[in-house]
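Biologist: Please take me through this model by its packing, its helices and its backbone angles, and state each cut-off when you first rely on it.

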Amino acid sequence: MTPQVHRLTVGSLTESTGYRVLRPRGTSDWLLLHTRAGRGRLRLPGGVELFAEPGTATLISPGTPHDYGVEEQLQHWQIEFSHFHPRPEWAVLLDWPEAAPGVGRLVLDEEVEQRMLPSWSAAAFWYRSSQPRADLFAMNALELVLLLCDTANSRSAPLDPRILRVLEHLDQHLAEPLSVPALAEVAHLSPSRFAHLFAAQVGTSPARYLEQQRIARGRMLLEHTRRPVAEIARAVGFSEPPYFSTRFRQLVGTTPVRYRQDRLDPARGGADA
């Protein structure tokens, strides 16, 4: 069975003994397999045999012969899959550690898997849909699946899921008081371990990153709204507006008021969203 793929096909399967796919010449597309439960068996050229355990993602490149199916002992395999022709910019997302020639393999953290599930569901929904440009929606959802896989790729400086969780928490709660101990609780780590891991992964301390994000959000609000500077300061987590102005000037090189004035659109007489 060799699918004819325009952009992509997406689906999920729950199979038992007897399920087997044999393609001696491979396919013209890429094939992504994500094992949710059970165990799959892959036979590859040269007598190589791999097992697809829960939490693993397998990426088979075009032209790679493959023979896969349900592993005989468990007799059960639940997978999400996609055959796809990648966009050019996806090349960096397809550079996986090789388990065999032409076959990449990643072991996904449970948290990464949970983040992927809505994207797999969205990709499958749009693939089945008859709506206009449904295949483009499906491609966008699959791209997010690959991006999340990339967070577990040792070739791309993977981001620890606990740190990703903290970065999302920071983005959603910038206006609130945030301390290193509180962020460490989000990561389920001790404050010292969290601070060390955060710096190693992000390249700066949690406090400095938080301030950078608050200033960046402040710049956006100054550029695209007419809200008063004091209101913006509080909206991005500075309880004392004068301190926001001081730190803004030190980090950006100008005051919030001058920053806004320099970016006003003369044709509109102000900055709007």
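Biologist: Which residues does L142 touch, not counting residues up to four places away in sequence?

Modeller: This is a predicted model, in which local features need pLDDT of at least 70 and side-chain atom pairs count only at pLDDT 80 or more, while totals for chains, interfaces and linings use all residues. Residues are numbered from 1 along each chain as its sequence is written, and side-chain values use heavy atoms, with hydrogens and water left out. If contact means heavy atoms within 4.5 Å, and residues up to four places away in sequence are not counted, L142 touches L8, L32, S82, F84, W90, W120 and A123.

Biologist: W126 and F137 form an aromatic pair; how far apart are the centres of their rings?

Modeller: Rings of Phe, Tyr and Trp (its six-membered ring) pair if their centres lie within 6.5 Å, and planes under 30 degrees apart count as stacked, over 60 as edge-to-face and the rest as tilted; by this rule there are 12 aromatic pairs. The planes of W126 and F137 stand at 15 degrees, so the pair is stacked. Because W126 lies in helix α1 (residues 110-128) and F137 in helix α2 (residues 134-150), the pair ties together parts that are 11 residues apart in sequence. W126 is partly exposed at 21% relative accessible area, as is F137 at 42%, and the centres of their rings are separated by 4.1 Å.

Biologist: The charged end of which residue sits over the ring of Y259?

Modeller: Y259 belongs to one aromatic cluster with F238, Y243, F244 and F248. A charge sits over a ring if NZ of Lys or CZ of Arg is within 6 Å of the ring centre and within 35 degrees of the ring normal, and here, at 3.7 Å from the centre of the Y259 ring, the charged end is that of R263.

Biologist: Which exposed residues are carried by the face of α5 turned away from its buried side?

Modeller: α5 has 12 residues and reaches 16 Å from its first C-alpha to its last, close to the 16 Å expected at 1.5 Å a residue, the expected span being 1.5 Å times one less than the number of residues. Its buried residues are F194, L197 and F198, and they cover an arc of only 105 degrees around the axis, which puts them on the same side of α5, the arc being that of the directions from the helix axis to the C-beta atoms. The cover over these buried residues includes α3 (161-172), α4 (180-187) and α6 (206-224). The face turned away from the buried side carries S192, H196 and A200.

Biologist: What is the relative accessible area of L197?

Modeller: L197 lies in helix α5 (residues 191-202). Leaving aside neighbours within four places in sequence, L197 is in contact with D160, R162, I163 and L189. L197 is buried, and its relative accessible area is 9%.

Biologist: R133 is not a glycine; what is its phi?

Modeller: Most residues other than glycine have a negative phi, and most peptide bonds are trans. R133, placed in the loop between α1 and α2, is exposed, with a relative accessible area of 61%. Its phi is positive, at about 60 degrees.

Biologist: In which loop is Q75 found?

Modeller: Q75 has a positive phi of about 60 degrees although it is not a glycine. At a relative accessible area of 44%, Q75 is partly exposed. Q75 is found in the loop between β7 (66-70) and β8 (76-84).

Key: Helix = DSSP H or I, 4+ residues; strand = E, 2+ residues; numbered from the N terminus. Buried < 20%, exposed > 50% of the residue type's maximum accessible area, 1.4 Å probe, protein only.
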